[in-house]
Amino acid sequence: MKTLSSLLVLAAVLLLLPALPAEAKGKSKGKKPAAVGALNTAQPAEALTPYIHRLDQLLALDRPGGKGSDAFFAEAPGRLVTLRATFTEEREQAEEGDRGKFEAAIATCDVLTKALEERTAALGNINASGAVAGSGKLEQGPRKDNLTQGIKGGGIAKAVGSLVERDRERAENKQAKASAARSDNALSTMAANKWSKRSSELRQQINDAYARIK
């Protein structure tokens, strides 16, 4: 009887063994936090922290260099788009009370993306103004023959007139280039000041949106 009982117990254990992994697997099922790179998007404030901590650098016209920094700045627009899409999915699956933080995270992504787009446009305007305004050419064009017109022959008088005209044109060219440089600097300074004011407004919008993530 004892042998039979032992065999029955062993058989029962063997029958249950295949079901144990499936049951354990079933218990482990559940919503796993989505990830973008190493970011935990189930916690949107944490996922957006790198962009908030480096916000001043992101919005600066002259960003700090370095291999790591260059990659971060270059990848920021694309990663923000991906984060926004992930936050949208998280919001749809979240409990009613948790949806607000994902909505605030989406709004933060939107204003961050807008700020980066405006920064790119500001840089384009500065570069364009420098390329167009800095020709330094004389408005009236060269006048090499002005002092030699009416002087017949190739004597000393005509040669002196040519030299005087050459020196005059060089002086006007130099003056024109200096004037163009001043105009370029003025345009660049104006554009930079305009962006400084606008970036402050965008920075405030970003911080306000981020602060609503709870």
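## Ground rules

The model is predicted, so local features need pLDDT of at least 70 and side-chain atom pairs count only at pLDDT 80 or more, while totals for chains, interfaces and linings use all residues. Residues are numbered from 1 along each chain as its sequence is written, and side-chain values use heavy atoms, with hydrogens and water left out.

## The overall picture

Let's start with the whole protein. Its secondary structure comes to 7 helices and 2 strands, and along the sequence these follow the pattern α-α-β-β-α-α-α-α-α. Helices (H or I, at least four residues) and strands (E, at least two) are DSSP runs, numbered from the N terminus.

Of the 214 residues, 25% count as buried; buried means under 20% relative accessible area, exposed over 50%, and partly exposed in between (1.4 Å probe, protein chains only). The protein exposes about 14,300 Å², with carbon and sulfur atoms supplying 57% of it; accessible areas come from the Shrake-Rupley method with a 1.4 Å probe, and for residues only the protein chains shown count as cover. Among contacts (heavy atoms within 4.5 Å) between residues at least 6 apart in sequence, 71% join residues at least 24 apart.

## Salt bridges

The whole structure holds 7 salt bridges, each a side-chain nitrogen of Lys or Arg within 4 Å of a carboxyl oxygen of Asp or Glu. One of them joins R203 and D56 at 2.7 Å, N to O. R203 lies in helix α7 (residues 156-211) and D56 in helix α4 (residues 55-59), so this pair ties together parts that are 147 residues apart in sequence.

E118 and R198 also form a salt bridge, their closest N and O atoms being 2.8 Å apart. Because E118 belongs to helix α6 and R198 to helix α7, the pair ties together parts 80 residues apart in sequence. E118, R198 and E201 are linked in a network of salt bridges. E75 and R79 meet at 3.3 Å, N to O; both lie in helix α5 (residues 67-93), 4 residues apart, about one turn of the helix.

## A closer look at T108

T108 lies in helix α6 (residues 99-133) and, at 0% relative accessibility, counts as buried. Leaving aside neighbours within four places in sequence, T108 is in contact with L48, I52, I206, A209, Y210 and I213.

The T108 side chain reaches the backbone oxygen of A104 at 2.8 Å and the backbone nitrogen of Y210 at 3.3 Å.

How values were computed
A polar contact is a pair of N or O atoms within 3.5 Å; within protein, one must be able to donate a hydrogen and the other to accept it, and residues adjacent in sequence count only if both atoms are side-chain atoms.
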